[in-house]
Amino acid sequence: MAEQTVIEAVRQTMLAEMKRDDSVIVLGEDVGSRGGVFLATDGLVEEFGENRVIDTPLAESSICGVALGAAVNGMRPIAEIQFADFVWPAINQLVGEASKVRYGTNGVKNAPMTVRVPYGGGVRGGLYHSQSIEVLFAHTPGLSVVAPATPYDAKGLLVSAIRSNDPVIVLEHKRTYRLVKGDVPEENYSIPIGNAEIKRPGSDLSIFTYGLMLHYSLQAAEMAAASGLNVEVVDLRTLRPLDEETIAESASRTGKALIIQEDTPAVSISSEVAAIIGEKCFFDLDGPITRLGPPEIPPMPFSPVQEAAFMPSPEKILDAINKLAQI
Amino acid sequence: MNIELPHVGESVTEAVIGKWLKSPGDRVEKYDPLVEVVTDKVNMEVPSPASGTLINIIAKEGETVLMGAVIAEMDSEDASGEPATPGSNVESTQSPAPNRIGTLVQGSNVGPTGGEFLDTSLGVTETSSPTSTPTTASGAANGSRKQKGFSPVVSRLAAQHGIDLLTITGTGLGGRVTKKDVLAAVENGGSSAPGSAAHRPSEEDTIIEPSPIRKMIADHMVKSMSEIPHAWSAIEVDVTGMVKWRAQNRQEFEATNGVKLTYLPITLSVVANSLVSNPRINSSWQDGKIVLKGDVNVSVAVAAEGGLVVPVVHKAAGTSIADLAKKIAGVVTRARSGSMSLEDVQGGTFTLNNTGALGSVWGGAIINHPQAAILTTEAIVKRPVVVVANGIDSVVIRSMMNICLSFDHRIIDGAEASEFLQSVKSGIEAITAQSELK
C-alpha cells in the first residue's frame, strides 16, 4: 500500500481506469502535454495519446458539451474543469442537459460522464480561484455529486464516478490536493456513491462536513478531546444523494448536530443536512441543529487576513463545538 | 356589465388611467380600444371586452387603479353580467387588498406555454391518515416544553421513563436539563413511570376502586393541601374540671334532654365562644381576600360508613350545651344513616374533630377547605402534672387533653393561633364541678 497525496491518487486512478477501459478519455484545458494545471493528468497523454487525452479550447461549455456528446455515444469521458470558478458557462450542459438525458430519452440514452472540478478556498486564490460551487449541482436531480477529502476516498469515489452510467460531478478540494496524504491500496476498489463515513466516532455531538472542512473538523475534535469532549465527525463524501441514514443515525445517537462547511450557509448543503436531521431526528435532539460557515458575502476575499476571517478554521470549529456541547 | 382593468403581466399590480378613448353613450365594438393605461412595464390600450354602449366611466384619467378593478360600465349585447349601480365610484384605495399581497390561484395558467402550477402551499400531499392527533409521546413533550423549554429528546426520554423533569437539576447552559441528565436520572432509579416495576401492583396486592365519596374526600384533601399553606400549633388543656362536671351532670342532663352528654358539646360551646372573640380563626381566604364569617358554623368531623363526613352545627356560638348536644346528635345520626340534607353539610366556617375518641393524643389535621382552621381535641389522659397552689409546687394527677390547631398561614399567624388556643384552654379549664353551664 502506497502513501499518496489526493492529487496523486486522482492521477493514478485515471491512469488505471484508462488502462482498464478504452472508452475512458480525458479532456480539458492543458490536460495534455502540460499535464493539467494541478498535474492531475501528468503523463497521461504520453501513455494514451492525444485521441484519449484531449487539450481543449478555453471554453467550459465546450468541454462539457463535447463530453456529454461522447458520453451519450458510448464513451466514458472525464472532463476536467480547471477551476470550479469557471464552471458556470457549462451549467447548461450539466444542469440543463446531462442531468436529464436518461429521463428525457426514457432510458434509451444515458450519459456516463465524469466532471472533475477542483474547488474551494484557503489557497490565496481570491475571488476567482476559491469558489465553492457544489450547491447548484447538488440541487439537481439526475446528477450525482461526490466530494472526497482523502486520497483513499478520492480513488474509491473517482472509480465509482467513472464507472457510473450517469453523470457524476467530482469535487476535489484544491487545498487537499497536496495537503492530505494517506494510504491508497494499489488494488481495485470503489466506494459507493451515496455513502457517508464516520471518520471519527464520538458520543457528545456529531459534526457533519466534507472537503477541506473534514480535516479542520478532525483537528477541532482532537482539540475538544483534550477537554473531555467526545466529538463524532461524519464525512458526507457524497453531496447528492446525501446519506440520510448515516446522518440521521449519528445525529440521533449524539443528540446534537453541528454542520460545518466552507460554502456560505444559506440554501446550501448544510441547509439540507439540517432539514434531514430536523425531519428524522426531532425527538432525539438535545440541542439546536447548528451550522458553521463563512459570512454571507459574494466571494472569498483575496487579502490573507480577510481570507482567514472568511474561512472556518479548526479554532472556529472548536468554538462552535464548545458552545453546542455546553447547551 | 362591468369593465375591469385586465391583468397585463406577472409583476404588474396597478396602472394609471390615461386618456379615455370613448365617452359615456358611445357605441363600442368588441376589441375597440377603450382607454389608454400606463403601467411601470408597458403602456397599452385596453380593448372593449364586448360590443355595446359605454354607460359610465368609473376610473378617471390620472387615477391609479389595481388590476381587476372596475374601470367602467357598459350596456353589452352579449353580456351576462349585471350593470353596476350607476354612479358607484370605485376608489382605487378601496380595491381588493389581495392583489397587492398576491394570491396563488390554483390551476391558473402562469407558464409561458400556459402550463399550470401546483399550489403546494397548503399541502398534505402524503397519504397520511386524516387524523393528526398527537401521539402520547409528543403530547407529553408538548406539556413539558411549555413549562421549561425541554429539548425534544429530553421530553421524550422523560415521558418514556416517567421522569419528572422539574425534579432534575440540569447541568446544561443556564441549568438546562440535558439528555445526559435524564439518562443519569434513569440510571439512578428516578423512574417512577406508571407501569414501571416499582409501581406495578404485584399479585398479592388488592386493588380497590374508590367509592365516589372516597374520591371526593381525596380530591378535597389534595385541594386543601395544595392550596392552603398549613401551619400547626398545639396546647395542653387541664380538663379535670370538665371531666368532673360531666360526671356530676350526666344523668340529669341525659334524663332532661334525651341525648348523651359527651365532651363534644362542652368543648364545642367553648370553641364557638373563642371563635367569636378570635374572628380571624373563623374566616376564609377567598380570591385573595380574607372573609371574616358572620356566623360561627362548626363542622364536626364524623366517621361514617364509607368515609369521613363533616355535618355542620349552625350558629354554634351562644347556643346552650344542651341544644348543641341535640344538634350534634341530630346531624351525626343523619350522617351515619346517610340521610343528611344539603343544609347539614353547607356553610361550615370552622371544623372541630374529636380525634381523642379514638385514642389519638396528637394530630396534624388537614383544613376543611375553604375554612381557615381545624381543631382536634385529643384523648383525655390522666397524667402527673405540676401545679402551683399557694406558692407551692406539687405533683398531682390531672386529666389532660391536647388540642391541636391546623391553620391557614395566609390568614393566621402563630400569635393569633396561640391566642385562640389559649382562649379555648382557659375556657375549658374554667369549668369546675360546680360550674353552672348552660
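Residues are numbered from 1 along each chain as its sequence is written, while chains are lettered from A and ligands numbered from 1 in the order in which they are written. Because the model is predicted, local features need pLDDT of at least 70 and side-chain atom pairs count only at pLDDT 80 or more, whereas totals for chains, interfaces and linings use all residues.

**Confidence**

Select residues 103-147 of chain B, where the pLDDT is below 50 and where the model has 26 contacts beyond near neighbours in sequence, two residues being in contact if their C-beta atoms, placed from the backbone, lie within 7 Å. For the complex, the predictor gives an ipTM of 0.72 and a pTM of 0.54.

**Where the chains meet**

Now show both chains together, and find the 11 residues of chain B that are in contact with nine residues of chain A. On the side of chain B that touches chain A, helix H3 (residues 152-161) of chain B gives the most, with four residues; helices (H or I, at least four residues) and strands (E, at least two) are DSSP runs, numbered from the N terminus.

Select residues 212-226 of chain A, which form helix H9. Its 15 residues should span 21 Å at 1.5 Å a residue, and its end C-alpha atoms are 22 Å apart, which agrees; the expected span is 1.5 Å times one less than the number of residues. The buried residues of H9(A) include Leu212(A), Tyr216(A), Ala220(A) and Ala224(A), where buried means that 20 or more other C-beta atoms lie within 10 Å of the residue's own, exposed means 12 or fewer, and partly exposed lies in between, with C-beta atoms placed from the backbone. Just after H9(A), Gly228(A) takes a positive phi of about 90°.

Next select Ile321(A), which, leaving aside its neighbours within four places in sequence, is in contact with residues including Ala220(A), Ala224(A) and Leu258(A).

Move to Arg237(A), in the loop between strand E11 (231-235) and E12 of chain A, where phi is near 60°, a positive value in a residue other than glycine. Arg237(A) is buried, because 27 other C-beta atoms lie within 10 Å. Then select Arg240(A) and Pro241(A), which are joined by a cis peptide bond with omega about 0°.

**Paired strands in chain B**

Select strand E17 (residues 373-389) of chain B together with E18(B), which pair in the antiparallel sense over 15 bridges; two strands pair if DSSP finds at least two bridges between them. In their hairpin, which has two residues between the strands, Asn390(B) takes a positive phi near 55°.

**Buried or exposed in chain B?**

Is Val239(B) buried or exposed? Val239(B) counts as buried, because it has 26 C-beta neighbours inside 10 Å. The C-alpha atoms of Val239(B) and Met401(B) are separated by 6.5 Å, although these residues are 162 residues apart along the chain. Finish at Asp287(B), in the loop between strand E10 (283-286) and strand E11 (289-292) of chain B, which counts as exposed because it has 5 C-beta neighbours inside 10 Å.

Notes. pLDDT = per-residue confidence, 0-100.
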